[in-house]
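Take a walk through this model, one region at a time. Have the sequence and the 3D view side by side.

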Amino acid sequence: MFSWFRKRRRKKLLAQPWPEAWDLHLQRNVRLTWEMTPAETEALKSRVKIFVAEKHWEGCKGLQLNEEIKVTVAAQACLMLLGVDDYYFDNVKTILMYPQAFKRETGDGISQGKSQYRAGEAWQGGPIILSWKDSLRGGRNEDDGHNLVIHEFAHALDGLDGEMGGNVMFNDAAAGEAWLKVVDREYAQLVRAKESGRRTLLDHYGATNKAEFFAVASETFFELPRELSREHEQLFALLQKYYRVDPNQWQRRR
Ligand SMILES: [Zn+2]
């Protein structure tokens, strides 16, 4: 799409009123919005309006799409964008929604015929695929450290440099270098913890590879910011620099 056209279209979308019924979806399904300031809520709503309108949404396996599904997914994805302007996951054009976890063939030749269930997937240059059941669960449990939508959209952000490899882009070179060092150390620690079966704040799934590490760290950053800043101070500080928000403010006092 031509950028001038997109700009004009976005301006028009922003001028449209926020549907009152959408407030209910935020209140019921996206608990991280509960403690946002009025200014943050307004910023989130602007982003949700554009995100809902611009993505190509598809219901799979008989799932009937509705506004509740779109708004619930959009709000969780867009809270990751409160620190940036005029970017709405533009690299993600299509969102495929399944009613629940879906079966995928691993199709690598060796393990052909083997299948597993997945709650979500993100493809470089392709769609984000989500289970609605798990997207809803993530939005309604704001402090268990698990959030499917944040996880998959973190992969999309990671892919902005052309590769979903866990090397996220910072506009400050020193932060980029610090990120590599901190992640090397943190990732190795998580791998060791997983091998020895020791429970950790960061989910062991983050020890799969560095791309999963970034996605898991992002889930923890938004859902358990206080714990993350206490146990992984440098990682938290870098994620805060990356997302340019402080999710501590959105957590109710526990
Ligand atoms: Zn992942």
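Residues are numbered from 1 along each chain as its sequence is written. The model is predicted, so local features need pLDDT of at least 70 and side-chain atom pairs count only at pLDDT 80 or more, while totals for chains, interfaces and linings use all residues.

Stay with β6, residues 128–131. Strands of a sheet pair through backbone hydrogen bonds, either parallel or antiparallel. Here, two strands count as paired if DSSP finds at least two bridges between them. Strand β5 (residues 120–122) is joined to β6 by three bridges, and the two run antiparallel. A122 of this model has I128 in β6 as its bridge partner. The hairpin of β5 and β6 has five residues between the strands, and G125 takes a positive phi near 70° there. Strand β2 (residues 94–98) is joined to β6 by four bridges, and this pair runs parallel. Y98 has its bridge partner in β6 at S131.

Now step back to the whole sheet. In what order do the four strands of the open sheet stand? The order is β1-β2-β6-β5, with mixed pairing. β1 (56–59) and β5 are at the edges with a single partner strand each, so one side of each lacks a neighbour in the sheet. Neighbouring strands are turned by 15° against each other on average, direction ignored. Angles of this kind run from 0 to 180 degrees between N-to-C directions, and axes are lines fitted to C-alpha atoms, for helices over the stretch in contact.

Look at the two faces of β6. In a regular strand the side chains alternate between the two faces of the sheet. Both faces of β6 are covered: I128 and L130 are buried on one side, I129 and S131 on the other. A residue is buried if 20 or more other C-beta atoms lie within 10 Å of its own, exposed if 12 or fewer, and partly exposed in between, with C-beta atoms placed from the backbone.

In soluble globular proteins, nonpolar side chains tend to be buried together. Leaving aside neighbours within four places in sequence, A77 is in contact with F51, F89, V149 and F153. Contact requires C-beta atoms, placed from the backbone, within 7 Å.

Follow α8 to its packing with helix α10 (residues 233–243). The two helices pack at about 85°, with axes 11 Å apart. They are therefore roughly perpendicular, a label for angles of 65 to 115 degrees; under 35 is roughly parallel, over 145 roughly antiparallel, and the rest oblique. A217, S218 and F221 in α8 meet L235, F236 and L239 in α10.

Two further helices hold buried residues. I50 lies in helix α3 (residues 38–54). I50 is buried, with 20 other C-beta atoms within 10 Å. Leaving aside neighbours within four places in sequence, I50 is in contact with R10, L13 and Y88. I50 and L13 are 37 residues apart in sequence but 6.4 Å apart in space, C-alpha to C-alpha. D158 sits in helix α6 (residues 148–158). D158 is buried too, with 23 other C-beta atoms within 10 Å. Not counting residues up to four places away in sequence, D158 touches M164, G166, V168, A211 and F214.

Finish with two loops. Most residues other than glycine have a negative phi, and most peptide bonds are trans. K61 is not a glycine, yet has a positive phi of about 50°. K61 is in the loop between β1 and α4 (67–78). Is K61 buried or exposed? K61 is exposed, with 12 other C-beta atoms within 10 Å. D86, also not a glycine, has a positive phi of about 55°. D86 lies in the loop between α4 and β2. D86 counts as exposed, with 11 C-beta neighbours inside 10 Å.

Methods:
Two residues are in contact if their C-beta atoms, placed from the backbone, lie within 7 Å.
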